[in-house]
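Subject: Handing over the two-chain model

Hi,

I am passing this structure on to you, and my notes on it follow below. Please have a look at it first and then read on.

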Amino acid sequence: MKIKGKAVVYGDNIDTDIIIPGRYLVLQDPKELAKHAMEGIDPSFPEKAKERVILVAGKNFGCGSSREEAPVALKHANVKCVIAESFARIFYRNAINVGLPILEAETGNKVEEGDELIVDAVNGVIENYTKGVRIEAKPLPPLALEIINAGGLVPYTRRKLGLE
Amino acid sequence: MAKASGEREVAPGQVVNAKVDVAMFHDLTGPRVIESFEEIGVESVWDPSKIVVVFDHDVPPSTIKAAELQKKVRRFAREQGIKSFYDIGRGGVCHVVMLEKGHVKPGELIVGADSHTVTYGALGAFATGIGATDMAAVLATGSIWLRVPEALKFDVRGELREFVSAKDLILHIIGVIGCDGATYKAMVFSGKAVENMGIDGRATMCNMSIEAGAKAGIVEPDEKTIEYVRGRAGSNFTPIKSDENAVFHKTFEIDASSLEPQVAIPPSVDNVKPVSEIGDVEIDQAFIGTCTNGRFDDLRAAAEVLKGKRVRDGVRFVIIPGSQEVYQKALREGLIDVFVAAGAIVGAPGCGPCIGISRGVLADGEVCVSAANRNFIGRMGSPKAKIYLASPATVAASAITGKITDPREVLKA
């Protein structure tokens, strides 16, 4: 699984109220949610995400609420992968369950906004084409890969229950 | 987790497929749970008697859209034969209702489509928050994969001083370990100060373990737990305690007796200082309620501070009892009278402004001192508003003076 995109970079502790504020949770349509992605700190995000985006952040990405709308909003806002030093556990599960690839890696100063990245989520390798550097990431656990490859937890569960 | 996965023992890091004892979702996460459940395509939930549905996030609904979504969840509960359905006027905040209506027993594995599900560790259950699709899979199968977490132990020695509460203690702990200090781990609270706490205080502690990233917050069940649960859920349960030779990832020793009231400064829950060190912070709104501090002991602490005093002009004081039961008890004990006489507004049980949808949201540049759990940017409305987190007593004292204030100062005056 190779994922290409342009880096958009944020700091530590990007919480779910930043990713998608509570007042938008009544919006059921993922495309509507996507319009408000990252609105809490970066209202220009939808503009940046016109091209394929790989979101790069620091520690504790997705902390706070259990709202699955957070990875859904990002996914539908053209985010192809999220790379962070660490993730809050509910966000981590939710992202996998809705089929948004995520990777743990310490990117430090090796990635800047706008850099072109290619991510190999299976082997845990991030290539920064702009800077010509390679970053090691923690490969996704086998179960997570299985769920993502199935297209998310819904098709995975359907398969497990023998419904397809 | 060994019990839930049918193993003799399990070790941290192990991934297990665990059987769920109780599953809970509410009006806000419900619609997506149902959508994913329908996509999975099974006809019926695995066991309607093990599912609890509570309406609390936007109650009574403030928009047509919210009313439509609640209609959808209400219909699902009826069609699936879910008897433990707490509609508007029948329950309150899900994490208050779950404890008081006897849906939580020691030693059970409980999942909820809400991050504050960790609250139930107050009664010695292992309870954790999950997303909507995870919940849909639980409804379909009755089980979930979980990674067995390492445990952090917090040994809280000494006694809390008067008007220093469970909230101050948990804020202090989060300040020490950081807002990702317990990510993927369980937080186990013990020691004299925790033993002395009532169930309400323990619920506050476990509730906020998620603000340090924890998968679960747990207080070992004792006599108080057993008495509380027996009165509400009967005696069919087996309390689980730490093994005598239990290995903790790390143990923190905390001295409760030296603690003063604490405040978490926006925009992160781990930016915690004693109230004496935050300087002059003028407020526009004060708020008490939610799954963190909307219980009876919380309202009583606020009323003790507020009794016979007035909310300062220019300050809005919003108080929302956590449940119908809390509301009635507060009425009987005269607390609601104290609040209304002081110039506070008392709202209908529910999450209120904590979720930033309605009933007390903030405008640009406004400052709120809140007894809730999150001070994130935009959490209570405008991204340009500021939220300071504190105990109910500190919030009440601040409502009187108009700036964030140590409750002991108000009581001395």
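Helices here are DSSP runs of H or I with at least four residues, strands are runs of E with at least two, and both are numbered from the N terminus. This is a predicted model, in which local features need pLDDT of at least 70 and side-chain atom pairs count only at pLDDT 80 or more, while totals for chains, interfaces and linings use all residues. Residues are numbered from 1 along each chain as its sequence is written, and chains are lettered from A and ligands numbered from 1 in the order in which they are written.

Let me start with one residue. A:T16 belongs to helix α1 of chain A. A residue is called buried if 20 or more other C-beta atoms lie within 10 Å of its own, exposed if 12 or fewer do, and partly exposed in between, with C-beta atoms placed from the backbone. A:T16 has 29 C-beta neighbours inside 10 Å and so counts as buried. Its C-alpha is 8.5 Å from that of A:F61, although 45 residues separate the two along the chain. Leaving out residues up to four places away in sequence, A:T16 touches A:G62, A:G64, A:S65, A:R67, A:A70 and A:F91; a contact means that the C-beta atoms, placed from the backbone, lie within 7 Å.

Next, the place where the chains meet. Chain A brings 34 residues to the contact and chain B brings 43 residues. On the chain A side, α1 (16-19), α5 (89-97) and α7 (153-160) each supply at least two residues, and the largest share, 5 residues, is that of α5(A). That side of chain A consists of 14 nonpolar, 12 polar and 8 charged residues (Ala, Val, Leu, Ile, Met, Phe, Trp, Tyr, Cys and Pro count as nonpolar, Asp, Glu, Lys and Arg as charged, and the others, Gly among them, as polar).

Helix α7(A) has A:L153, A:V154, A:Y156 and A:T157 as its buried residues. Down the helix axis these fall within an arc of 165°, so they line one face of α7(A); the arc is that of the directions from the axis to the C-beta atoms. They pack against α5 and α6 (142-150) of chain A, together with α2 (30-40) and α5 (132-141) of chain B. After α7(A) comes A:G162, with a positive phi near 70°.

Now to chain B. An automatic or database assignment gives the domain bounds: domain 1 (14-148), domain 2 (149-234 + 242-259) and domain 3 (263-412). The C-alpha centres of domains 1 and 3 of chain B are 28 Å apart, and 16 residues of domain 1 are in contact with 16 residues of domain 3.

Two strand pairs are worth a look; strands pair if DSSP finds at least two bridges between them. Strand β1 (residues 15-19) of chain B runs antiparallel to β7(B) over 5 bridges, with B:A18 opposite B:I144. Strand β9 (residues 186-190) of chain B pairs with β10(B) in the parallel sense over 4 bridges, and there B:V188 has B:I218 as its bridge partner.

Finally, which helix of chain B is largely enclosed by the rest of the structure? It is α6(B), because 10 of its 12 residues are buried. Just after α6(B), B:G178 takes a positive phi of about 90°.

Enjoy exploring!

Conventions
Contact = placed C-beta atoms within 7 Å.
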